[in-house]
Amino acid sequence: AVVSTQSTGMRELENKVSDLSEDLEAERAAHKRTDKLKRDLNEELQKINNELMTSVDNTAVLQDLRNKREQEAEGLKKELQKERDEHENMLKEMRNKYQV
């Protein structure tokens, strides 16, 4: 009877060890999947971050170009106004000269 009780106790312990071993393997597999997913997400985050930085750089370059074009356009407008004013003055002088 004592041997039978001990055998039953041993089987229960062996089953418990087996169950715990299976649980441990499942935890390891889950941890491995989680680590891989974490690496993949970090790589994706890095890729997106790089794209963002490139976009920010491109935006800054485009903004600089836009500012330069606006300055150039403003300069051309001023030059055109100056030429127009000179032309109008010349026309006034000619009218005055030949009206007499």
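1. On the surface, E79, E83, D85, E86 and E88 gather in a patch of negative charge. Patches are made of residues with over 30% relative accessible area and no salt bridge, like charges being joined within 9 Å and nonpolar side chains (Val, Leu, Ile, Met, Phe, Trp, Tyr) within 5 Å. E79 is placed in helix α1, residues 2-99, and counts as partly exposed because its relative accessibility is 49%. The class limits are under 20% relative accessible area for buried, over 50% for exposed, and partly exposed in between (1.4 Å probe, protein chains only).

2. This is a predicted model, in which local features need pLDDT of at least 70 and side-chain atom pairs count only at pLDDT 80 or more, while totals for chains, interfaces and linings use all residues. Residues are numbered from 1 along each chain as its sequence is written, and side-chain values use heavy atoms, with hydrogens and water left out.

3. The protein has one helix and zero strands; helices (H or I, at least four residues) and strands (E, at least two) are DSSP runs, numbered from the N terminus. The C-alpha atoms fill a box of roughly 145 × 15 × 10 Å along the principal axes. The radius of gyration is 42 Å, whereas a compact globule of 100 residues would have one near 13 Å. That radius is taken over C-alpha atoms, and the globule rule is 2.2 Å times the number of residues to the power 0.38.

4. Of the 100 residues, 0% count as buried. The accessible surface of the protein comes to about 9,800 Å², and 55% of this belongs to carbon and sulfur atoms. Accessible areas come from the Shrake-Rupley method with a 1.4 Å probe; for residues, only the protein chains shown count as cover.

5. The mean positions of the 19 positive and 23 negative charges are 6 Å apart. Lys and Arg count as positive and Asp and Glu as negative, without His and the chain ends; each charge is placed at NZ of Lys, CZ of Arg, CG of Asp or CD of Glu.

6. The whole structure holds three salt bridges, each defined as a side-chain nitrogen of Lys or Arg within 4 Å of a carboxyl oxygen of Asp or Glu. R28 and E25 meet at 3.0 Å, N to O, and lie three residues apart in helix α1, about one turn.

7. K36 forms a salt bridge with D40, with closest N and O atoms 3.0 Å apart. Because K36 and D40 are four residues apart in helix α1, about one helical turn separates them. E70 and R66 form a salt bridge with a closest N and O distance of 3.2 Å; E70 and R66 are likewise four residues apart in helix α1.
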